[in-house]
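Here is a friendly briefing to read with the model open beside you.

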Protein chains: 2
Amino acid sequence: MLNIREATCADVSLILRLVRDLAEYEREPDAVVATEDDLLRDGFGAEPKFRVLIAEWDGTPVGFALYFYHYSTWLGRAGIFLEDLFVKPEYRGKGIGRALLTELARIAAQNGYYGVKWEVLDWNQPAIDFYQSLGAEIRKQWLTVRITGEAFRKLASDSV
Amino acid sequence: MLNIREATCADVSLILRLVRDLAEYEREPDAVVATEDDLLRDGFGAEPKFRVLIAEWDGTPVGFALYFYHYSTWLGRAGIFLEDLFVKPEYRGKGIGRALLTELARIAAQNGYYGVKWEVLDWNQPAIDFYQSLGAEIRKQWLTVRITGEAFRKLASDSV
């Protein structure tokens with residue numbers, strides 16, 4: 001049976017394993033440089049920068065959703081940003097991903113938020129089909145941009 | 001001369017005008033349903049959900065950057081998410097957009113964050129060229145997804 005619970009600091013090692021499993025599924029196994037200390041400091045201190053739901057099947061952790069808050073200036077409302085959603089391959093097809101999304105939507109609705117936002121890889125058609133079946137909108141016209149590493153440090157040290 | 005300052009609650013009406021100017025530039029003038037009360041409640045209460053930098057040219061407000069926080073589980077670090085960046089058309093070409101991005105990068109660096117993330121419309125080639133000239137990465141493989149409105153309310157009321 002499925003149970004969804006909030007993660008605690010005792011789950012940091014589990015969360016990091018699930019983050020790595022997800023990165024592997026997303027074909028970027030070497031992209032995870034985060035450590036347990038990072039997740040402990042940022043997720044379970046006085047001002048948590050993210051929150052985590054753990055999905056358990058018959059008591060075994062099989063998936064997770066990691067999220068934080070977002071804001072839409074057009075809607076004038078906060079929303080949930082879902083950074084990571086993952087269910088172990090052998091536990092798919094049991095409605096666990098949907099249950100995690102439902103729980104997030106419930107939290108968002110309880111807080112008066114506008115909804116839930118996330119990202120999906122363009123080759124992950126099963127995920128795209130699933131999200132669209134729930135009525136989610138794939139916003140193809142919006143590209144995500146990031147400045148990190150050397151370019152970020154250079155920009156930060158610019159003299160204006 | 002350019003001056004960049006943090007917004008206060010006295011700037012709410014200005015911020016909403018700039019949000020509307022940006023939505024018009026992004027060809028979605030009717031998408032802004034936010035009110036001054038929304039921005040006051042969410043940006044200037046006890047737990048602000050966003051922060052705003054105002055750019056002034058010779059004392060006149062000519063642009064803004066509205067941002068909040070994000071988290072990368074792969075990097076194990078928070079980052080700045082830039083929701084809105086706008087400079088009035090008649091003030092472009094003076095380095096104001098770059099100065100706003102520099103200030104955000106500086107804030108991110110001071111906090112030990114991994115960088116700055118945002119979104120751009122796929123037809124906005126001048127903006128894409130500008131971001132790439134700074135060394136930012138356009139992550140075309142990631143699509144943004146959102147569930148809002150009726151589909152969101154339906155999901156939130158799902159019985160799991």
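A:Asp58 sits in the loop between strand 2 (51–57) and strand 3 (60–72) of chain A, where helices (H or I, at least four residues) and strands (E, at least two) are DSSP runs, numbered from the N terminus. This is a predicted model, in which local features need pLDDT of at least 70 and side-chain atom pairs count only at pLDDT 80 or more, while totals for chains, interfaces and linings use all residues. Residues are numbered from 1 along each chain as its sequence is written, chains are lettered from A and ligands numbered from 1 in the order in which they are written, and side-chain values use heavy atoms, with hydrogens and water left out.

**Loop residues with positive phi**

- Most residues other than glycine have a negative phi.
- A:Asp58 is not a glycine, yet its phi is positive, at about 50°.
- A:Asp58 is exposed, with a relative accessible area of 60% (buried means under 20% relative accessible area, exposed over 50%, partly exposed in between, with a 1.4 Å probe and protein chains only).
- In chain B, look at the loop between helix 1 (12–25) and helix 2 (36–43), which holds B:Arg27.
- B:Arg27 has a positive phi of about 65°, although it is not a glycine.
- B:Arg27 counts as exposed, at 59% relative accessibility.

**Helices 1 and 2 of chain A**

- Two packed helices are described by the angle between their axes and the distance between the axes.
- The axes of helix 1 (residues 12–25) and helix 2 (residues 36–43) of chain A come within 9 Å and cross at roughly 115°; axes are lines fitted to C-alpha atoms, for helices over the stretch in contact, and angles run from 0 to 180 degrees between N-to-C directions.
- Helix 1 and helix 2 of chain A are therefore roughly perpendicular to each other (angles under 35 degrees count as roughly parallel, over 145 as roughly antiparallel, 65 to 115 as roughly perpendicular and the rest as oblique).
- The crossing of helix 1 and helix 2 of chain A is right-handed (left-handed if the near helix is turned anticlockwise from the far one by less than a right angle, right-handed if clockwise).
- A:Val12, A:Ser13, A:Ile15 and A:Leu16 of helix 1 make the contact with A:Glu36, A:Leu39 and A:Leu40 of helix 2, contact meaning heavy atoms within 4.5 Å.
- The residues of this contact divide into five nonpolar, one polar and one charged (Ala, Val, Leu, Ile, Met, Phe, Trp, Tyr, Cys and Pro count as nonpolar, Asp, Glu, Lys and Arg as charged, and the others, Gly among them, as polar).

**Buried side of helix 2 of chain A**

- The buried residues of helix 2 of chain A are A:Asp38, A:Leu39, A:Asp42 and A:Gly43.
- They cover an arc of only 95° around the axis, which puts them on the same side of helix 2 of chain A; the arc is that of the directions from the helix axis to the C-beta atoms.
- Their cover includes helix 1 of chain A, together with strand 3 (60–72) and strand 4 (77–87) of chain B.

**Helix 2 of chain B**

- B:Asp38, B:Leu39, B:Asp42 and B:Gly43 are buried in helix 2 of chain B.
- These residues span an arc of only 95° around the axis, which puts them on the same side of helix 2 of chain B.
- Strand 3 and strand 4 (77–87) of chain A, together with helix 1 of chain B, are included in what covers them.

**Where helix 5 of chain A meets chain B**

- Helix 5 (residues 149–156) of chain A packs against helix 3 (residues 96–110) of chain B at an angle of about 110°, with their axes 7 Å apart.
- That makes helix 5 of chain A roughly perpendicular to helix 3 of chain B.
- A:Phe152, A:Leu155 and A:Ala156 meet residues of helix 3 of chain B, including B:Leu101, B:Thr102 and B:Arg106.

- B:Asp158 lies in the segment after helix 5 (149–156) of chain B.
- B:Asp158 is buried, with a relative accessible area of 18%.
- Not counting residues up to four places away in sequence, B:Asp158 touches A:Arg98, A:Thr102 and A:Arg106.
- A:Asp21, in helix 1 of chain A, is partly exposed, with a relative accessible area of 31%.
- Leaving aside neighbours within four places in sequence, A:Asp21 is in contact with A:Phe86 and A:Lys88.
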